[in-house]
Amino acid sequence: MTDLRTRYMGIELANPIIVGASNLVENLDDLREIEQAGAAAIVYKSLFEEQIQLEAWEMEDGLEEYENRSAEAASLFPDIKHAGPKEHIHKLRKTVEALKIPVFASLNCVYDVSWLDYAEALSDTGVAGLELNFYATPKSFTESGALTEERQVKIVKEIKQRVEIPVAVKLSPYYSNPLNLIKRMDEAGADALVLFNRLFQPEIDTDREQHQFPWNLSHPGDNRLALRFAGLLHGNLKASVAANTGIFTGDDVAQMLLAGADTVQVVSTLYKHKISYLSRMIADLTQWMQAKGYAKIDDFRGKLSQKNSKDPFAYKRAQYVDILMKSSSILETYRLH
Amino acid sequence: MDKKKKFITCDGNYAAAHVAYMFSEVAAIYPITPSSNMAEYVDEWSSHGRKNIFGDPVTVSEMQSEGGAAGAVHGSLQAGALTSTFTASQGLLLMLPNMYKIAGELLPGVFHVSARSLAAQALSIFGDHSDVMSARMTGFAMLASGSVQEVMDLAGVAHLAAIRGRVPFMHFFDGFRTSHEIQKVELMSQDDLEPLLDRKALQRFRDNAMNPENPVTRGTAQNPDIYFQSRESANPFYARVADNVEDYMAQINRITGREYHPFTYYGHPEAENIIVAMGSVTETIRETIDYLAAQGKKLGLVTVHLYRPFSEKYFFRVLPKSVRRIAVLDRTKEPGAMGEPLYLDVRNLFYGKAEAPLIVGGRYGLSSKDTLPSHVIAVIQNLEMPEPKNGFTLGIVDDVSFLSLPELPKVNVSPKGTFEAKFYGIGSDGTVGANKNSIMIIGESTDKYAQAYFAYDSKKSGGITTSHLRFGDVPIRATYLVANPDFVACHVPSYIWKYDMLKGLKDGGTFLMNSIWDVETTLEKLPNSMKKYMADHQIKFYLINATQLARDLGLGNRTNTIMQAAFFKIANVIPYEEADRLMKRFIVKSFGRKGEEVVNMNNRAIDSGADNVVLVEVPQDWKELSYLDDSRERDLPDFIKNIVEPINALKGDDLPVSAFLGREDGTFPPGTAAYEKRGIAVSVPEWQPEHCIQCNICAYVCPHACIRPFLISPEEKAEAPGDMVTVPAKGKMFKGLEYRIQLSPMDCTGCDNCVQVCPTKNKSLVMKPLEDQLVEKDHWEFLAHKTTPKAEIIDEAKHMNVQISQFAQPLFEFSGACSGCGETPYIKLITQLFGDRMMIANATGCSSIYGGSAPATPYTTNHEGRGPAWGNSLFEDNAEYGFGMHMAGKVLRQRLQKMMAEGTNGKGEGLSDELKELFRQWLESKEDGAKTKTLRDQMVPLLEAEKDHALAAQVLELKQYITKASTWIIGGDGWAYDIGYGGLDHVLASGENVNVLVLDTEVYSNTGGQSSKSTPVGAVAKFAASGKRIRKKDLGTMAMTYGYVYVAQVAMGANNSQFFKAVKEAEAYDGPSLIIAYSPCISHGIHSGMQETQEQELLAVEAGYWHLYRYNPLNEKIGRNPFKLDSRTPQWDKFKAFLNREVRYTSLRKTFPEVAEELFDAAEENARWRYESYKRYESMDFSSMVKK
């Protein structure tokens, strides 16, 4: 019997595949299907403070649109205020109640005070853990990178003091030295690192000369960056490591585990292949393990991490050098095809 | 006073509600302008958990009418809870019966009344004392406040004195002028007032309450033997009221440092001439007395605070011995009386007294008519005359009865340092909102006093707003509109041609204009009169293109913040640096939670307003220009020229009484709206003939009847403007005619519904900028006035289908309804089918406001001069009113029937055979509207010719009854479901042939969005801030239970022919008919905008939110089920998506998500329940019902 169990942030999961934060979790029926299909856990879609702000603005706009137009009806609605994250929290709570598998909350805030308040509110919903999604498109030309990092580490520290559930940190790869930041997050008490979030990337329609906002689904092959970092981090952190982006098949999962990740997060593959594809991924992983003779994940986790690699240079610059060195043989290979 | 004063900036309604909240345990209310906000504040505070002096939130109940509210107040008081209500005008009148009861039973209830005119020759929502004076005999004590500060100070006295003395109180203040005027006032806190409560008296009230522990019988019937004595036994309670009030006022005086008594004297201690008045005018009088005192005049004012009981003791306590002459001002009219009530009361005080002063009385300020210092001076001058005029009027020119005092030159009596500003805006541009902000900023962040008052016209789309702002270093007492501003802003460029905005602008004052043109073009366009005024009065003239700046900043059409900044930049009310800081702080306060971007955008708007306002040189040679602008003399009816146009140009105040001779009863001629040509749309539809399939749906749905299909004969085509494209009309019956869809661009509001409903793949209508479509004005004029209505083809055929019906002239056009209004297209179709023989009884509400706000009358006439006769009585009585109209017609037609029957028999001898034959035909088909029209046309010339015959002459006297009238009773859901339901039910039950159209917006739209029994579960409305919890009433089903009422539920956007059929069937049915029409409204907050009101009807039906059916009792007689469900099986999966399209639902999700989930489920369940009920009705077998 192949044992797929893994531990993530101190929580035992049935297998290493977590369904990442996305709109897939909007519908309870889909969620149940995800659970049925074998997901080990889900990350509920992110609570974006920016979205709350815009919603509040939109709501107020809607309530006030026809105000002050007639003596009798200076207003048309009662004086009501947007409840902030309450709607999100309410839906999250319903999701937690509806599922047996662990549910993680995900959070992205604008203001420091909101990070703390919202984190606390989310932790009260019965979620198994919290994922802090430090999703921030660079906007300022004046704020230094060090300041940004300092602020984020501080937020992690403070949230850890406020909530009792484990806290994961999801980062972008666009820091000058992500390894240093990851280490500091680890020391600040982060229980897991999630590698990496995908930043919003608009396109431009050249015919209409307008911005376009396409779906930001990942593609096969997008997993390389996370793979590399999973390999670099294995054995160097107290925290767990979840790899995401571009994980489409059971084989992709195996690769991440070999590199040293504790879990993976998938989203795009479910959009592309439907939710039921999850079972196939699990079956493929099982089959691969059986073929390789692995009884459990720990038998091979991190086998190809930097720490366990025979050539310690392989994970740093070496692979790039390697490729250069082997370029003639690569060309040879391609010619053969 | 040792503690630090705390100020707030609020209106009078807020102040009254603030204090009433403290002393109320229960509030039973019903919305009515201008009092509604008081109840709304109390409800909101209650839902936010604010505590009264007993530590509890107030329990608020919205009732079905003011009558119901008064009943509930009575019951609640009787059972021991301190209970209040808030009302005005007709609402107070509906409470009268219970006021006698409450007073008779010595219950300490308190009514706060924002005093308003009563509907007489016309309705008015504005302020005077007609309502409270109509309640002066109920036994309620009456306490008057004249300013927002006085409301704050004295509202508590009403509650405290009621509790202590057991006599209920009506505390009143002037509607709009005080209820809606925003002032910076000193706050009265719960800590101030709570210690004044007489706890022992309160305990006595509780102990005396009805309770099984205290079983008593109240409300007995008494006979001649004891009723009288028993009534007199309460006199001692009334004898103590004035002392109680004086005592509480003394305590208030200690708290506030201001001086109040039942009568308060102001002025010279040895004044000989004084005025007695109450309400907001007393502020103006005080201000004027000070102004005249500076000129050495010794004058005084007795302000009446306690009007009932009217205390001789306290009056004489303050009246200077020196007084020789008194002018008493009444803000009410009591036709036929010896004088108005306050005047008679004051005169009575001196009856039989030696050396009584000379006392005269006069009326002023009806319906918020301004009373200016110059009017007060006229009153004083009248008193100084050897024989002062009595029974005078103020502020109008009465050239009929010659009662008015002369209009004197305007004077500025404001204390030095008062800054006055006036802003002209359009309904939706944010001007009023921005000025409310300005007043808050100044009021709450500086030491200055501030006042704001906002005036609107009666239009629901594109109406003018004027904001009147004052700032000063001492409290502001000017309770009238700004007449001599230091600053005028014009936010709407086109107003330069419409309104005399510079009127009264002080020498050296400032004029700020938002101009969409560059400086040069603006100067070219500016009328000479404005230029000359600016040159003559050394006006500083500033321009800004806020419209463009707003667009550039991504603010859309929101120019408000830019204009606000420009105002602060150039007006110098406070140093601009401070204003900049305060405005930006305010923005963080209001938008901070909505993110940095929004804050930044608004901050940029402030900077841009301040940076881009430019001073324009006013050349001296403008002085040479004429004040008379070139204006083309238009060929207009006298009424339009002399009455309508001045009113629309904001010069209605200048019309003398004689302007209304011949229309003393309030009558206005039909069709005046057609002369307005407001041009308020930004974009209007352009017809694309190449795509058009001539379905006419665009015309069918147009809320303002400004897009219509026309049929044009070859002869007419030959006369048409050369550039007017037409296409051959489709359909056999129109052979040889040309077709054109024509827009009246100046009447269009740009709602876009016509484009949305256009079914062609390539839209046959495309929205284009108004300025590019002005050529259509000529085309419209030609088609509307120079072509015939093709009546010979249309009259019969219009009943065939929706498409053909649209060739008939709408006899309801260009109303002031909102852009995209969901109600008006329903009414319009009915006028197209039956307008020339229609009688309309219209309940008060949106449909009466856009249906008949003087001077605009959208109900119009056809080429024969016939059209709907329209009347509005009240809110609550509309079914009965229409029923009465029907009965009048019925009885007079019965007389006609009798006469014509006689005509065909013996008494007809001497009449022509043709006439007798027509009589016979009429007797056979007198209930057939179309036939009776034809018969009328044939009969009247014969009757005229034979009028020497007595019978012909008698029939001729009643000729207007020959045609069978089609009686329509129209109103909204507030009327039909709530306040008018009892009457509606009775009229439907009567079996009489009347037609009822309920325009169901599911909320009180006209008074600002209060919940009705039509409001569905889950919708957010006032008095249902956390979502309506009670299932929507099924009015149709209730009516169906009679079995003989025709009932239809319709939504034209979902099924236009079903509505068409319903209207025809309802009208044809010889009995009562009820049509309930789903009417999307601005109060729904449709996310996709009011351009999709028709689409929203479709979605409502598809989703099962609204169901279409017709119940025709005639079917029963032939063994068929009278009920027919016309809508398809709902797509229930769309139900919640439908809710998510409207702010009234989504706002619940965003404010109370858990509640929303529960209530949205309940809403769907209710909709399914209704649908299942309808399915059950539809499956019933009526085959056994065939009449054998």
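**Exercise 1.** Determine how many residues of chain B are in contact with chain A, and which element of chain B gives the most to that side.

*Solution.* Helix 42 of chain B gives the most, with five residues.

The model is predicted: local features need pLDDT of at least 70, side-chain atom pairs count only at pLDDT 80 or more, and totals for chains, interfaces and linings use all residues. Residues are numbered from 1 along each chain as its sequence is written, while chains are lettered from A and ligands numbered from 1 in the order in which they are written.

**Exercise 2.** Describe how helix 19 (residues 560–571) and helix 20 (residues 576–591) of chain B are arranged.

*Solution.* Their axes, which are lines fitted to C-alpha atoms over the stretch in contact, with angles from 0 to 180 degrees between N-to-C directions, come within 8 Å and cross at roughly 155°. Helix 19 of chain B and helix 20 of chain B are therefore roughly antiparallel to each other, a term for angles over 145 degrees. In the contact, B:Gln564, B:Ala565, B:Phe568 and B:Lys569 of helix 19 meet B:Tyr576, B:Ala579 and B:Met583 of helix 20.

Notes: Helix = DSSP H or I, 4+ residues; strand = E, 2+ residues; numbered from the N terminus. Parallel < 35°, antiparallel > 145°, perpendicular 65-115°, else oblique. Contact = placed C-beta atoms within 7 Å.
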